[in-house]
Amino acid sequence: MALKRTRLILSLAALFCLAASVAWASGGHDEPPNLMNLALRTVNLIIVVALFWRFAGAKVKGAFVGRQQSIENGLADLDERKQAAQKRLSEVEASIASLESEKAQILAEYKAQGEALKASIVAAAEAQAERIAAQAQASAALEAKAAVDTLRAEMAEKIVEAAEALLVAKLDDKTQDKLVDDALSKVVLN
């Protein structure tokens with residue numbers, strides 16, 4: 001661990017020296033660089049960075065680790081929410097797909113109920129038509145019987161009138177008295 005830290009510090013120092021020499025060279029100075037001044041500044045920078053690393057490095061590292069952990073937790077939470085959303089989406093899609101089958105099933109049930117209702121209405125109408133026809137036949141039979149009875153009564157009256165007229169024409173008073181006496185003797189004897 002210490003070896004890695006040392007390598008890191010030396011690499012940063014070399015990079016800083018290189019950057020400083022490039023910056024000094026591009027400045028247009030005619031004098032040669034003051035390497036002692038540059039070395040002291042580099043050492044000064046290394047000491048400041050080392051002190052900073054020593055006293056605040058753990059806190060900075062902890063902040064970065066904490067931030068990294070927070071981001072990882074956030075990503076994990078987002079993954080869980082994404083999976084939950086995908087699951088819910090698949091459930092909704094399944095329910096939408098089942099809605100079509102439920103719709104078809106409900107339509108089929110209503111159609112079957114409509115056919116059954118239609119059949120029951122037709123059957124009730126046919127039964128009522130049969131009852132009406134039976135009532136009409138019974139009524140016609142009663143009217144026919146009443147008409148026959150009326151005709152019979154009229155014919156009986158006409159026959160009685162004709163017989164009475166015939167009897168009146170053929171019976172004389174003597175025969176009539178004899179018939180009355182016979183009828184009375186039968187009534188008295190019984």
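The model is a predicted one. Much of what follows sits in helix α2, which covers residues 35-170. The other helix that comes up is α1, covering residues 2-25, and it turns up alongside α2 in the lining of the largest pocket.

- T42 belongs to helix α2, and its side of the story is a buried one, with a relative accessible area of 5%.
- Leaving aside residues up to four places away in sequence, T42 touches A13, F16 and C17.
- R41 is also found in helix α2, but R41 is exposed, at 55% relative accessible area.
- From R41 to L51 you move 10 residues along the chain, and their C-alpha atoms end up 15 Å apart.

**The largest pocket**

- The largest pocket holds about 410 Å³ of space.
- Its lining is made of 13 residues, and R5, L8, I9, W53 and R54 are the ones nearest the centre.
- Helices α1 and α2 are the elements that each give two or more residues to this lining.
- Helix α2 provides the largest share of the lining, with 7 residues.
- By residue type, the lining of the largest pocket splits into 8 nonpolar, 4 charged and 1 polar.

**Salt bridges**

- The D77 and R81 side chains meet at 3.8 Å, N to O.
- D77 is partly exposed at 36% relative accessible area, while R81 is exposed at 53%.
- The other pairing joins the side chains of E91 and R88, at 3.7 Å, N to O.
- E91 and R88 are 3 residues apart in helix α2, so here too the separation is about one helical turn.
- E91 counts as partly exposed, with 40% relative accessibility.

**S120 and its polar contact**

- S120 is another residue of helix α2, and at 39% relative accessibility S120 is partly exposed.
- A polar atom of the S120 side chain lies 2.7 Å from the backbone oxygen of L117.

- F64 has its place in helix α2.
- Is F64 buried or exposed? With a relative accessibility of 58%, F64 counts as exposed.
- How far apart in space are F64 and V168, C-alpha to C-alpha? The distance is 150 Å, and the two residues are 104 apart in sequence.

Terms used:
Residues are numbered from 1 along each chain as its sequence is written. This is a predicted model: local features need pLDDT of at least 70, side-chain atom pairs count only at pLDDT 80 or more; totals for chains, interfaces and linings use all residues. Side-chain values use heavy atoms; hydrogens and water are left out. Helices (H or I, at least four residues) and strands (E, at least two) are DSSP runs, numbered from the N terminus. Buried means under 20% relative accessible area, exposed over 50%, partly exposed in between (1.4 Å probe, protein chains only). Contact means heavy atoms within 4.5 Å. On a 1 Å grid over the protein atoms alone, a cavity is a set of points where a 1.4 Å probe fits but cannot get out, and a pocket is an open set with protein on both sides within 12 Å along at least five of seven lines; lining residues have an atom within 4 Å of a point. Grid points are joined across faces, edges and corners, and a volume is the space filled by probe spheres set on the points. Ala, Val, Leu, Ile, Met, Phe, Trp, Tyr, Cys and Pro count as nonpolar, Asp, Glu, Lys and Arg as charged, and the others, Gly among them, as polar. A polar contact is a pair of N or O atoms within 3.5 Å; within protein, one must be able to donate a hydrogen and the other to accept it, and residues adjacent in sequence count only if both atoms are side-chain atoms. A salt bridge is a side-chain nitrogen of Lys or Arg within 4 Å of a carboxyl oxygen of Asp or Glu.
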